[in-house]
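Open your viewer and get ready to click along. We will go from stop to stop, and at each one you will hear what to select and what is there.

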Amino acid sequence: MSRVQLRILDLRKRNQIGQKELAEQIGVSVQTVSKWENEICMPDISLLPEIAEFFQVSVDEVLGLKPLPGEKYIPVRSGEKDYWDSRLNYLKVSRKSFWNDDYLQFLVEKVWKIDKPVQILDCGCGFGYMGQMLLPHLPEGSGYTGIDFSRNMVEEGKRLFGELGMRGEFICDDFRTYRFNCQYDFVISQAALRHAGNAKAFLQKMISQAKSGGLVAAVDVNREFEYDGFYIDGMDYQELCSRGGFRKMWSKELACQDRDYAVGMRLPVMMQKEGLADVDVRMNDRVCFVTPKKADYAESVENLLVEKQWEKACSAEEEERIIQQFINHGMDRKEAEDYCRKQRKIQAYVEKNKENLTYLQWRGLVISYGWKV
């Protein structure tokens, strides 16, 4: 049963109604209204339809089981630098399962046919992971420039390049507004457009930074694929990949924030419309199959726990904050609570079977690319 979170105080404030006026309308005391708003007691069930009618909302909305109509949308902050300053460890852990090295080499040599030195611009580069992966497969003399607005990411990128003996330039700024003084042979982004918002403008800026004849490539996700691409042996796959209210949430985020859950699928069409030539699409072939027999088993499981934020149990306060965010983004309370319940169940199963876990993870990264005319 869903936990009730009375919205009477919120309804009063948004309608600029005092406790006394509401009390008189419903036929209760001001003290009773105060107790409702302080969660000391609940309204009698017979009063709920009357309260809902007074505020012109549904009973579910009064009870906080559904978001209030027209409630102010609180944007996801993943398009802001402060969000990523504290996510370095997550990014480093998750990127370990992004690419098969031989497939990236295949893209460079057989698909993109890069046989001369190129200058790369990595847009939203994080800690320079794409540069670290690409440069060993590019012709000698190729150069790398990464730009990201997170100082922590950029500093770690510089450190890792130095540690690996790689040469590269890092710019700490917002790619979307930064004024470059040159163009590049190869402009790429990885998992950036999903978070940035206004993917069209981001792509247009990428194209503007490419030289004539230059390659533009964007590697990004479709959240539907991500949900289907996770399986743990011993658990119900149908439950693991269930979306619950996420489709509603993704639709609201797209409408309110231009945060596109399916940007990976839309990018080839967007590239074509923006005038890139010979637009084509590939699918990243990396599938992580983890079993206790693998040499890196312990590290893989620990990385999974970090990536999924399963290292420690979520407190009741943290869970309520997540539920409220999901409700604000279009879920009803039951859907949000079901999600949290599912996360607790998976977390408990993984922790219990930590020494003998078998799972499969496929991210479904879509690789879209074309050449600037």
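**Before you start**

This is a predicted model, in which local features need pLDDT of at least 70 and side-chain atom pairs count only at pLDDT 80 or more, while totals for chains, interfaces and linings use all residues. Residues are numbered from 1 along each chain as its sequence is written, and side-chain values use heavy atoms, with hydrogens and water left out.

**Stop 1: the largest nonpolar core**

Select Trp99, Trp112, Ile120, Leu134 and Phe186, the residues with the most contacts inside the largest nonpolar core, which has 39 residues. A nonpolar core is a set of buried Ala, Val, Leu, Ile, Met, Phe, Trp, Tyr and Cys residues joined through side-chain atoms within 4.5 Å. Buried means under 20% relative accessible area, exposed over 50%, and partly exposed in between (1.4 Å probe, protein chains only).

Next, colour the elements that give two or more residues to this core: α7 (88–95), α8 (101–111), α9 (129–134), α10 (151–164), β4 (184–190), β5 (210–220) and β10 (366–371). These names come from DSSP runs numbered from the N terminus: helices are H or I with at least four residues, and strands are E with at least two. Which element gives the most to this core? Helix α8 does, with 5 residues.

Now click on Trp112. Leaving aside residues up to four places away in sequence, Trp112 touches Leu107, Phe186, Leu215, Ala217, Ile367, Tyr369 and Trp371; contact here means heavy atoms within 4.5 Å. Another core of 25 residues lies apart from the largest one, and Phe175, Ala192, Leu267 and Met270 are among its members.

**Stop 2: the largest cavity**

Select Gly124, Cys125, Gly126, Asp148 and Ala192. Of the 26 residues that line the largest cavity, these lie nearest its centre. On a 1 Å grid over the protein atoms alone, a cavity is a set of points where a 1.4 Å probe fits but cannot get out, and a pocket is an open set with protein on both sides within 12 Å along at least five of seven lines; lining residues have an atom within 4 Å of a point.

The volume of the largest cavity is about 370 Å³. Its lining takes at least two residues from each of α7, α9, β2 (143–148) and α11 (193–196).

**Stop 3: the second largest pocket**

Helix α17 gives the most, with 5 residues.

**Stop 4**

Select 333–352 to see α19, whose 20 residues reach 28 Å from first C-alpha to last, close to the 28 Å expected at 1.5 Å a residue. The expected span is 1.5 Å times one less than the number of residues. Buried residues of α19 include Ala336, Cys340, Ile346 and Val350. Among the elements covering the buried residues of α19 are α15 (246–257), α17 (297–307) and α18 (316–328).

Move on to α18. Its end C-alpha atoms are 18 Å apart, which agrees with the 18 Å that its 13 residues should span. Ile323, Phe326 and Ile327 are among its buried residues, and the cover over the buried residues of α18 includes α15 and α19.

How values were computed:
Points joined across faces, edges and corners; volume = space filled by probe spheres on them.
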